[in-house]
Amino acid sequence: MPEHAYLKGFSTLPDLKKISFDQVFEKDHSNSAEIQKEKSKALKDRLCFFEKNVNDQIYDRCKDFILKYYPTSLKSSEYIDIAREVDEDLIIHRQSGDDDWMASGHVCLPSSWDPSEKIGLSFDEMHAPVPMSLKNSSKIVKAIINSGPFERYLWSVVYEKKYDFHPSTNSKKFDKFNPEVYVKIERQITVGFPEENFCLFILRQYLIEEKDIDKRGLIQSIQNMTCEQKKYKGLLNSEELIEYLRN
């Protein structure tokens with residue numbers, strides 16, 4: 001996990017890096033206990049699994065891939081049980097002709113989005129709220145399915161030590177009287193299965209504590225954002241945060 005992914009600023013491009021199958025899953029699971037605790041709570045509090053127009057053959061392909069490449073031994077042997085057990089969230093995205101859609105999602109630790117609202121949507125529709133340059137998104141989906149695996153990183157500034165930022169949770173805002181700042185990093189991997197014409201998104205969450213944040217670099221990244229990007233990331237009114245990071 002590149003601790004300084006946020007120093008690149010807010011990327012308006014997919015910024016995909018090709019990796020090998022052996023690099024799909026991170027070997028470092030030092031935050032596994034925290035991840036599993038929050039996943040268990042999310043599974044008790046709300047529905048985390050959604051599907052639309054998907055079949056057992058696709059689930060079996062994902063299951064076999066995970067069991068082959070996961071860095072630790074898993075107790076589970078069925079896809080849904082594996083999705084609960086691993087530290088990652090899993091999304092399946094299908095394509096048929098010119099159509100593509102989110103066909104399945106087991107997501108316990110989303111970053112301020114509701115998976116239930118995304119199921120069945122195209123890649124373009126899913127990312128409509130994101131200020132990104134997604135031209136020819138159907139071609140991106142096709143490339144992800146037929147090439148890769150690919151790796152990319154997303155980041156957010158958060159104000160409490162947790163991984164679950166589902167919209168239904170009460171997430172803290174910056175409080176200058178009791179300041180707490182973290183950078184949440186999401187490692188996003190895409191693995192394509194061209195024979196079945198789908199891809200598996202693998203989402204892994206990390207937190208950078210304040211003592212490890214490059215504060216000058218974070219300030220620069222925030223200041224280089226457009227107003228639209230700041231609004232999307234919850235940083236539109238970030239003057240107090242920046243003042244705190246400077247001190």
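This is a predicted model: local features need pLDDT of at least 70, side-chain atom pairs count only at pLDDT 80 or more; totals for chains, interfaces and linings use all residues.
**Arg187.** I looked up the position of Arg187 and found it in strand E6, which spans residues 182-193. I then checked its accessibility: the relative accessible area is 4%.

I asked what the side chain of Arg187 reaches. It reaches the backbone oxygen of Gln23, at 2.7 Å. I also listed the contacts of Arg187, leaving aside neighbours within four places in sequence. Gln23 is on that list, along with Ile19, Val24, Phe25 and Glu26. The list also includes Glu151, Arg152 and Tyr153, as well as Ile202, Leu203, Arg204 and Tyr206.

**The strand as a whole.** I next asked how many residues of E6 are buried. The count is 12 of the 12, so I noted E6 as largely enclosed by the rest of the structure. Both faces are covered.

**Partners of E6.** I went through the pairing with E5, residues 150-158, and found an antiparallel arrangement with 9 bridges. In this part of the notes I marked Ser156 as standing opposite Lys184 of E6. With E7, residues 198-208, E6 pairs over 11 bridges, also in the antiparallel sense. Gly192 has Cys199 in E7 as its bridge partner.

**The turn.** Last, I looked at the hairpin of E6 and E7, where 4 residues lie between the strands. I noted Asn197 there, with a positive phi near 60°.

Notes
Residues are numbered from 1 along each chain as its sequence is written. Side-chain values use heavy atoms; hydrogens and water are left out. Helices (H or I, at least four residues) and strands (E, at least two) are DSSP runs, numbered from the N terminus. Buried means under 20% relative accessible area, exposed over 50%, partly exposed in between (1.4 Å probe, protein chains only). A polar contact is a pair of N or O atoms within 3.5 Å; within protein, one must be able to donate a hydrogen and the other to accept it, and residues adjacent in sequence count only if both atoms are side-chain atoms. Contact means heavy atoms within 4.5 Å. Two strands pair if DSSP finds at least two bridges between them.
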